[in-house]
Amino acid sequence: MEFVGKCVFEGIAIGRIAVFDKGDNQVKRVRITDTAAEVKRFEDAKEAAKAQLAALYEKALAEVGEENAAIMEIHQMMLDDLDYVETITGMIESDEVNAEFAVHATGESFAEIFASMDDDYMKARSADVRDISSRVIAILSGKNAGGIDSDEPVILVADDLAPSETVQLDKSKILGFVTRHGSSNSHTAILARTMNIPALIGIDYPADCNGKMAIVDGAKGTFIIDPPMSVIDEYHRKFEEQEEQKKLLLELKDKEDVTIDGRSIHLYANVGGVGDVPAVLDGGATGIGLFRSEFLYLESSTYPSEEQQFEAYKAVAEMMGDKKVVIRTLDIGADKQVDYFDLAKEENPAMGYRAIRICLTRPDVFKTQLRALYRASAYGNISIMFPMIISESEVIRIKEICEEVKSELSSEGKEFKECEIGIMIETPAAVMLAEELGRHVDFFSVGTNDLTQYTLAIDRQNAALDNIYDSHHPALLKMLQMIVDGGHKSGCWVGICGELGADTTLTEEFLRMGFDELSVSPSMILKVRKTIRSIDLSK
Ligand code: PEP
Ligand code: MG
């Protein structure tokens, strides 16, 4: 059975299918006669959940530091909370119900109690109790939390994946992504590229494919289910060739990003979290041009504290040494929804209350992040970048807040460095005002993903419009030149961090336009480097 879709990240994957379980399946109430056995089933699942959390704690400790890992310890303790455990076992015994139902009902009622409390800390525990209950239910129903029901790496198949779901997945268990919906410019597609995992969208896979053998062919955009042995053999050969090509590219890892005629450009990487930094270094990037800090918020069940953020930014800064690390402040809203922000549902979220608009109206959230960023700046080479800018007044206000943060840190005797300040150019307004905006900042980075959607009036999430979402549109190319010229006139360096930066059919044009930097997925660094090194601008 062969299905054709669209490739969002190239490559071949061969393995078994795991259909992603969103974890929102209805929990059924079932009458139980052997309640003692059911209580035992619950207790075993609870122990298994604690073991999973202990392993996750170790992993998080290594990747994101103690502060960020602490939540896994809190979840382990919550699973042993006497009230919680006794309510569940009491319900199994007195109501003669299955463990899944008792855990679900108890989790929901505890979550509601927490949510109604005045204290913010206690309120935030509401999401935690739901989280631990889902984990236990997943184990009881034979599924691993996070949706992958297998110890072997799998091809993950889903209707759609939200960024918050994608970030929670264990990357080492995923060979490929296949979704029915989703668009090539969605954040999930971007994450697949960052994770270096072949991904297809628009595949109308059959409902009963779980566990079957399959092949993802990124080059052709095909998904083959139950292939005959001869086809599997053929793809194993192609897979080996692909690995050979990757090895050849690795020879460029320590080479410079310079054209034949000697023009150099900075080639940096885009990342979603601390866990992606090894891929940046392995991929040969000379810096990080976009750290999407909102993933720290997406991975968390409550507002990440200053300390948690500080640890994460410091870890990245230290791992990168003196290499530049551009950290973008919180850019949530639109497709990146975070429950605890409690954002109102909007008719038009891409043009709604998002990114810097939230930060400028939530100084508590904004200042917490800026304090963490400035404190981490003492440990490396951090630049700070602000998303979704439309006016000079926003930049002036942002800089005032930065000054306030710095003077608070000074008076507290906390160390920080003066950081370069930059803005994303991703709205047509910012393009038109490039020269004026450039007078307030040190650099620009063009967010072509959003700039394309706002310029062409095409929702980047709308898969039905993917075929006309044309990032080579002449209007966009003209804008790119305007941005470079405006930025350079004001003394800024100018880069691209949208997905277009990795489009090697345009690399030469970007160099001719005068871009100083390109920031691309870690998996694309060497491919772009190869192209840069083959260009001769003197011709
Ligand atoms: C962009 O809009 O091009 C960009 C880099 O930001 P994001 O994709 O996170 O919106
Ligand atoms: Mg953007």
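Colleague: Let's start with E404. What is its relative accessible area, and how do I read that number?

Modeller: E404 has a relative accessible area of 31%, so it is partly exposed. The cut-offs do the sorting: under 20% is buried, over 50% is exposed. Keep in mind that this is a predicted model.

Colleague: Which residue does E404 form a salt bridge with?

Modeller: Its partner is K367, and the closest N and O atoms are 3.0 Å apart. E404 sits in helix 14 (residues 392-411) and K367 in helix 13 (residues 363-377). The two are 37 residues apart, so the pair links distant parts of the chain.

Colleague: Which residues are linked in a network of salt bridges with E404?

Modeller: The network includes E306, E307, R371, R375 and R397, along with K367 and E404. E400, E408, E412 and K414 are linked in it too.

Colleague: How many salt bridges does the structure hold?

Modeller: There are 43. One of them joins K336 to E294, with 2.8 Å between the closest N and O atoms. K336 is in the loop between strand 11 (324-328) and helix 12 (356-361), and E294 is in helix 10 (residues 294-298). The pair therefore ties together parts that are 42 residues apart in sequence.

Colleague: Is K336 buried or exposed? And E294, buried or exposed?

Modeller: K336 counts as buried, at 1% relative accessibility. E294 is buried as well, at 0%.

Colleague: Which residue forms a salt bridge with R354?

Modeller: D331 does, with the closest N and O atoms 3.3 Å apart. R354 and D331 both lie in the loop between strand 11 and helix 12, so this bridge ties together parts 23 residues apart in sequence. R354 is buried at 3% relative accessibility, and D331 is buried at 2%.

Colleague: Where is A334, and where is A457?

Modeller: A334 is in the loop between strand 11 and helix 12. A457 is in the loop between helix 17 (448-456) and helix 18 (474-489). A334 counts as buried, at 17% relative accessibility. A457 is exposed, with 67%.

Colleague: Last topic, cysteines. How many disulfides does the structure hold?

Modeller: A disulfide is a covalent bond between the sulfur atoms of two cysteines. This structure holds zero. For C7, the nearest cysteine sulfur is that of C209, 19 Å away. For C359, the nearest is that of C402, 11 Å away. A disulfide needs the sulfurs within 2.5 Å.

Colleague: What are the relative accessibility values for C7 and C359?

Modeller: C7 is partly exposed, at 23%. C359 counts as buried, at 1%.

How values were computed
Residues numbered from 1 in each chain as written. Chains lettered and ligands numbered in written order. Predicted model: local features only at pLDDT ≥ 70, side-chain atom pairs only at ≥ 80, totals over all residues. Heavy atoms only, no water. Salt bridge = Lys/Arg side-chain N within 4 Å of Asp/Glu carboxyl O. Helix = DSSP H or I, 4+ residues; strand = E, 2+ residues; numbered from the N terminus. Buried < 20%, exposed > 50% of the residue type's maximum accessible area, 1.4 Å probe, protein only.
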